[in-house]
Amino acid sequence: CNLPPASHSFRESTRRRVVIEGPLVLDEIRRDNLVHEMAHQWWGGLISWKNYRDVWITEGLAHYATLQYLRRALSPSRFHTLIAGQVRWAIRKSTRGPIAYGQRIANVTGDYDAYQAIVYSKSALVISMLRHMLGEEELHRRLQGALEKFRYRSVTGPQMSTYLAQGDPLLTRFFSQWLNQRRVPSVTFT
């Protein structure tokens, strides 16, 4: 590329800012991006979202898959640091809109980091919480069931959350609070 030195410097500094800062920067950007895009074979390939409010289905679940890969690939302390960063991004940007606003978060606010922090990171963290609530095997059973039930279809967020909740009123409320509200819900457990 024959760019003048000033443009090259701008490009390099912009690239470094994107690689170092941002809600989607996890551990190693190229590997993590590859894992995320491979997860789109299922979340985006086998099933997709119906409208802008439902984009969390593909992006959030692909990001969740990336986090699960990293949970196994990284040391526990490195993974904990990574998750803490995802939580900080999600909390910091949560006032920009709920997960269900989808692409509208970036369109209305002009804050693409907020869109990524909410639609990718926050929704992946919601699925991670669901894993803790249900257990890994049960969550994976439900996710595999969703892939079968909705195969080659565009799905709405309510259809996906209803399927994953499977009639459990606690999980129905859980999804409603996390997907449709700006604020981060208060969580207590015993």
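Predicted model: local features only at pLDDT ≥ 70, side-chain atom pairs only at ≥ 80, totals over all residues.
**Exercise 1. Around aspartate 111**

Are aspartate 111 and lysine 93 buried or exposed?

*Solution.* Residues are numbered from 1 along each chain as its sequence is written, and side-chain values use heavy atoms, with hydrogens and water left out.

Step 1. Aspartate 111 and lysine 93 are both buried.

Step 2. Aspartate 111 bridges lysine 93, with the closest N and O atoms 2.9 Å apart. The pair links distant parts of the chain: aspartate 111 is in the loop between α5 (104–109) and α6, lysine 93 is in helix α4, and they are 18 residues apart. Helices (H or I, at least four residues) and strands (E, at least two) are DSSP runs, numbered from the N terminus.

Step 3. Arginine 96 forms a salt bridge with aspartate 111, its closest N and O atoms being 3.5 Å apart. Arginine 96 lies in the loop between α4 and α5 and aspartate 111 in the loop between α5 and α6, so this pair ties together parts 15 residues apart in sequence.

Step 4. Arginine 96 is partly exposed, because its relative accessible area is 35%. Aspartate 111 has 12% relative accessibility and therefore counts as buried.

**Exercise 2. Salt bridges elsewhere**

How many salt bridges does the rule give? Describe the one between glutamate 136 and arginine 72.

*Solution.* Step 1. The count comes to ten salt bridges.

Step 1. Glutamate 136 and arginine 72 have their closest N and O atoms 2.5 Å apart.

Step 2. Glutamate 136 is partly exposed, because its relative accessible area is 25%. Arginine 72 counts as exposed, because its relative accessibility is 55%.

Step 3. Look for networks. Salt bridges link Asp27, Arg31, Asp32 and Arg78 in one network.

**Exercise 3. Aromatic pairs**

How many aromatic pairs does a search of the whole structure find? Characterise two of them.

*Solution.* Step 1. The search finds four. Rings of Phe, Tyr and Trp (its six-membered ring) pair if their centres lie within 6.5 Å; planes under 30 degrees apart count as stacked, over 60 as edge-to-face and the rest as tilted.

Step 1. Tyrosine 115 and tyrosine 120 are edge-to-face, at 5.8 Å centre to centre and 85° between the planes. Both tyrosine 115 and tyrosine 120 are buried. One aromatic cluster is formed by Tyr112, Tyr115 and Tyr120.

Step 2. Phenylalanine 150 and tyrosine 163 are also edge-to-face: 5.9 Å centre to centre, 75° between the planes. Phenylalanine 150 is in the loop between α7 and β2, tyrosine 163 in helix α8, 13 residues apart. Phenylalanine 150 and tyrosine 163 are both buried.

**Exercise 4. Helix α8**

Which residues of helix α8 (residues 157–165) are buried, and what do they pack against?

*Solution.* Step 1. The buried residues are Gly157, Met160, Ser161, Tyr163, Leu164 and Ala165.

Step 1. They pack against β1 (47–49), α3, α6, α7, β2 (153–155) and α9 (169–180). Contact means heavy atoms within 4.5 Å.

Step 2. Check the residue after the helix. Glutamine 166 follows α8 and has a positive phi, near 50°.

**Exercise 5. A nonpolar patch**

Which residues make the nonpolar surface patch of about 210 Å²?

*Solution.* Step 1. Val87, Ile91 and Val184 make it. Patches are made of residues with over 30% relative accessible area and no salt bridge: like charges are joined within 9 Å, nonpolar side chains (Val, Leu, Ile, Met, Phe, Trp, Tyr) within 5 Å. Areas come from the Shrake-Rupley method with a 1.4 Å probe; for residues, only the protein chains shown count as cover.

Step 1. Valine 87 lies in helix α4 (residues 76–93). Isoleucine 91 lies in helix α4. Valine 87 is partly exposed, because its relative accessibility is 32%. Isoleucine 91 is partly exposed, because its relative accessible area is 48%.

Step 2. Isoleucine 91 and valine 184 are 93 residues apart in sequence and 6.9 Å apart in space, C-alpha to C-alpha.

Notes. Salt bridge = Lys/Arg side-chain N within 4 Å of Asp/Glu carboxyl O. Buried < 20%, exposed > 50% of the residue type's maximum accessible area, 1.4 Å probe, protein only.
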